[in-house]
Amino acid sequence: MSAITIGITPRNRAVNDRIGPKEHLSHLRIPLLVDLPIGQTLYDHIGFPGLILNTNIATEVVTKLLNTKDLTNWYKHTTGPLTSLDGFKALGYININSSNEKKGYRMIHYGNYFTDPEEQDTKTLIAGIRLIIKLIEGSEAFKKYNTHLERKLFLGCEHFEFDSDDYWKCALQFMATTLYHQTSTCKMGPADDSTSVVNHELRVYGIGNLRVADSSIIPVTLSAHTSAPTIMVGEKASDLIKKFWGVL
Ligand SMILES: Cc1cc2nc3c(=O)[nH]c(=O)nc-3n(C[C@H](O)[C@H](O)[C@H](O)COP(=O)(O)OP(=O)(O)OC[C@H]3O[C@@H](n4cnc5c(N)ncnc54)[C@H](O)[C@@H]3O)c2cc1C
């Protein structure tokens with residue numbers, strides 16, 4: 001099964017295969033085959049596309065970032081402009097809303113963004129925003145192009161002082177958005193971890209011949225985009241299957 005973290009993989013497990021959290025399946029009157037915490041661990045990344053920079057030139061940033069020096073720094077020393085912030089702390093979950101295939105059923109996605117008790121996600125994003133502002137206002141590279149931050153206040157946040165923590169908290173509530181990097185709803189982990197769904201060979205616990213090979217098995221949130229790691233999961237899965245059948 002290889003059909004994505006927040007969509008078909010958990011939904012099929014629940015409705016077609018009757019594998020999922022016991023309480024939730026019984027609530028939907030789906031007979032239970034195996035009790036597993038599918039959908040109960042959900043990580044995501046959120047971004048803040050709210051910093052608008054004005055410059056005196058038309059510029060294209062991405063191609064300038066992708067140079068050998070920055071790539072080498074990121075790969076060898078995990079430093080430089082290609083380095084990303086830590087993964088997010090808040091934990092979400094997904095459920096299905098019904099077992100009735102004919103009437104149609106949907107995944108209900110509870111992102112729970114910014115709900116970690118220590119407010120680490122909020123603090124990390126605010127630190128990131130301030131770092132960007134510092135770079136814009138303090139570095140010659142930006143000054144050369146007369147770069148400045150658009151300071152027009154976000155609607156609904158005007159009553160906060162610009163650049164105060166409360167101002168950015170308000171702006172984040174208003175504009176932070178998912179990067180669609182959901183992972184971990186069929187999390188890989190050891191048998192004695194009650195949140196695990198698949199083992200180290202991607203086999204679903206309690207089911208002999210079912211493997212999951214997509215972004216849903218990634219055990220914890222990543223400090224990176226999710227596409228390349230998911231391709232690695234697929235490659236590993238194909239090796240495991242070939243090995244099992246004696247062709248590797
Ligand atoms: C808008 C958007 C932008 C993104 N941008 C980036 C980015 O810039 N960089 C990055 O690294 N990641 C990005 N991601 C995240 C990345 O695309 C995902 O993490 C990655 O594709 C997950 O891989 P997957 O195999 O789990 O799921 P998918 O890539 O979604 O693959 C699931 C496959 O299962 C198929 N499928 C579903 N149901 C069935 C069924 N019943 N029968 C048969 N086939 C089925 C689907 O058609 C699909 O091909 C983005 C995601 C989105 C949504």
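Trainee: Where is Ser184 found?
Mentor: Ser184 sits in the loop between strand E8 (177–178) and H8. Helices here are DSSP runs of H or I with at least four residues, strands are runs of E with at least two, and both are numbered from the N terminus. Keep in mind that this is a predicted model, where local features need pLDDT of at least 70, side-chain atom pairs count only at pLDDT 80 or more, and totals for chains, interfaces and linings use all residues. Residues are numbered from 1 along each chain as its sequence is written.
Trainee: Is Ser184 buried or exposed?
Mentor: Ser184 is buried, because 27 other C-beta atoms lie within 10 Å. The cut-offs: buried takes 20 or more other C-beta atoms within 10 Å of the residue's own, exposed takes 12 or fewer, and partly exposed is in between, with C-beta atoms placed from the backbone.
Trainee: And what is phi of Ser184 near?
Mentor: Near 85°, a positive value in a residue other than glycine. Arg29 also has a positive phi without being glycine, near 60°.
Trainee: Where is Arg29 found, then?
Mentor: In the loop between helix H2 (22–27) and strand E2 (34–35). Arg29 counts as exposed because it has 9 other C-beta atoms within 10 Å.
Trainee: Switching topic, how many helices and strands does the protein chain have?
Mentor: Eight helices and eight strands. Of the 248 residues in the chain, 24% are buried. The C-alpha atoms fill a box of roughly 65 × 50 × 35 Å along the principal axes.
Trainee: How do H5 and H7 pack?
Mentor: Helix H5 (residues 120–138) and helix H7 (residues 165–175) pack at about 105°, with axes 10 Å apart. So H5 is roughly perpendicular to H7, a label for angles of 65 to 115 degrees, while under 35 is roughly parallel, over 145 roughly antiparallel and the rest oblique. The axes are lines fitted to C-alpha atoms, for helices over the stretch in contact, and angles run from 0 to 180 degrees between N-to-C directions.
Trainee: Which residues meet there?
Mentor: Thr122, Leu125, Ile126 and Ile129 from H5 meet Asp165, Trp168, Lys169 and Leu172 from H7. Contact means C-beta atoms, placed from the backbone, within 7 Å.
Trainee: What about the largest nonpolar core, how many residues has it?
Mentor: It has 18 residues, and Ile38, Cys186 and Val197 are among those with the most contacts inside it. Such a core is a set of buried Ala, Val, Leu, Ile, Met, Phe, Trp, Tyr and Cys residues joined through C-beta atoms within 7 Å. A second, separate core of seven residues includes Ile6, Phe88, Tyr93 and Ile94.
Trainee: And Ile46, what is it in contact with?
Mentor: Beyond its neighbours within four places in sequence, Ile46 contacts Phe88, Tyr113, Ala176, Thr177, Thr178 and Leu179. Ile46 is found in strand E3 (residues 46–47). Ile46 counts as partly exposed because it has 17 C-beta neighbours inside 10 Å.

Notes:
Contact = placed C-beta atoms within 7 Å.
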